[in-house]
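Dear colleague,

I am passing on the structure below, and I would be glad if you could look it over alongside the notes that follow it.

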Amino acid sequence: MSNNAFVEPLSFSLIENGLAGEKTQFLFRTWRDNEGIIAQDSQMTRLSQYLLMTLPSAEPGDVPPLTFAGKHSTFRRFFPHALEPETPRPPTSFLPSVYRQGVADAYQIVMNGEPWFDIQRTGNRLGDGIPDMTLQRLLVKFRTSAGFTRIFCLMTLLEVHSRSYQSDRTHHQPSSQQKSDWHPAYQARVQPSSMHGNVPG
Amino acid sequence: MSEDQYTKEQLEFLEIFEIAARYDCLFLLDFHCFDLFDHDQTSLLSDGERSQLAAAARYDIYAEAIQKGFLPKSSPFGGVHEQQRFC
């Protein structure tokens, strides 16, 4: 990565060892075992409520256009109005440019066929009213046998650091969780006592 | 069954379904269906729900199909209507 101090790549072995949560492990294994081919799959469909999907191309230094955001994704949680039909702006424009630029490099890698796995400390980069968070992100590129391509992003919220955020603006009860007391890289950055229950992303 | 025998809502869904099938991305319809209705059984949806699904999935399914040169039709049975062409 370039000078994106708030994004740090992680080893895929963490996923393989089951330390990144079941959802991340399922997505990564499905991508690997199917060699990046996506087809109708009931387990993947269930996971989709936590996924973001984008087109496989982007402007330099920016994230690709968003085509899908599952209702339990962190994006929908923190930017609930971004995908409303009457919203005149592209959904990704709700992300401040400083954040988009910081996370954009990984998409270029994924567009070339490699997976990407990282941890992020967002600080104030997501804008006013959005808390400082630690996020885990897995990016993989899938294509159909007909060549239809999407980048899948599974973002997992590991911790909310600031207290200014008023719970959830749309979902009052987070649904299914991944275990959060797992991550060696994460544990190196935060005190175990400060870890919250995980919210799917 | 002729095109005239379908309602507008049915045609909207059939159009999206046809494109998804043509580009082998029916999984996208499943994703959107699950996101809206917590199941992926489109056969269980009412016409209104199918129309809602078609609206939700339209951009996702067209976004890349158009890049690949696809020109949306007004119905799944052919006959591009000039006023409904996408650019």
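Helix axes are lines fitted to C-alpha atoms over the stretch in contact, and the angles between N-to-C directions run from 0 to 180 degrees. Please keep in mind throughout that this is a predicted model.

With that convention, helix 1 (residues 8–22) of chain B packs against helix 2 (residues 26–37) of chain B at an angle of about 135 degrees, the two axes lying 7 Å apart, which makes helix 1 of chain B oblique to helix 2 of chain B. Helix 1 of chain B contributes F17(B), A20(B) and A21(B) to this contact, while helix 2 of chain B contributes L26(B), L28(B) and L29(B); by class, the residues of the contact are six nonpolar, no polar and no charged.

In chain A, six strands form an open antiparallel sheet in the order 1-4-5-6-2-3, with strand 1 (7–9) and strand 3 of chain A as the edge strands, each pairing on one side only, and with a twist that averages 25 degrees from one strand to the next. Strand 2 (residues 52–54) of chain A pairs with strand 3 of chain A over three bridges, in the antiparallel sense, and A69(A) in strand 3 of chain A is the bridge partner of L52(A). Helix 5 (residues 97–111) of chain A lies across strands 1, 4, 5 and 6 of chain A, running at about 25 degrees to strand 5 of chain A.

As for the contact between the chains, 18 residues come from chain A and 14 residues from chain B. On the chain A side, helix 3 (42–47) and strand 3 (66–69) each supply at least two residues, and the largest share, three residues, comes from helix 3 of chain A.

Best regards

Definitions and conventions: Residues are numbered from 1 along each chain as its sequence is written. Chains are lettered from A and ligands numbered from 1 in the order in which they are written. This is a predicted model: local features need pLDDT of at least 70, side-chain atom pairs count only at pLDDT 80 or more; totals for chains, interfaces and linings use all residues. Two residues are in contact if their C-beta atoms, placed from the backbone, lie within 7 Å. Helices (H or I, at least four residues) and strands (E, at least two) are DSSP runs, numbered from the N terminus. Angles under 35 degrees count as roughly parallel, over 145 as roughly antiparallel, 65 to 115 as roughly perpendicular and the rest as oblique. Ala, Val, Leu, Ile, Met, Phe, Trp, Tyr, Cys and Pro count as nonpolar, Asp, Glu, Lys and Arg as charged, and the others, Gly among them, as polar. Two strands pair if DSSP finds at least two bridges between them.
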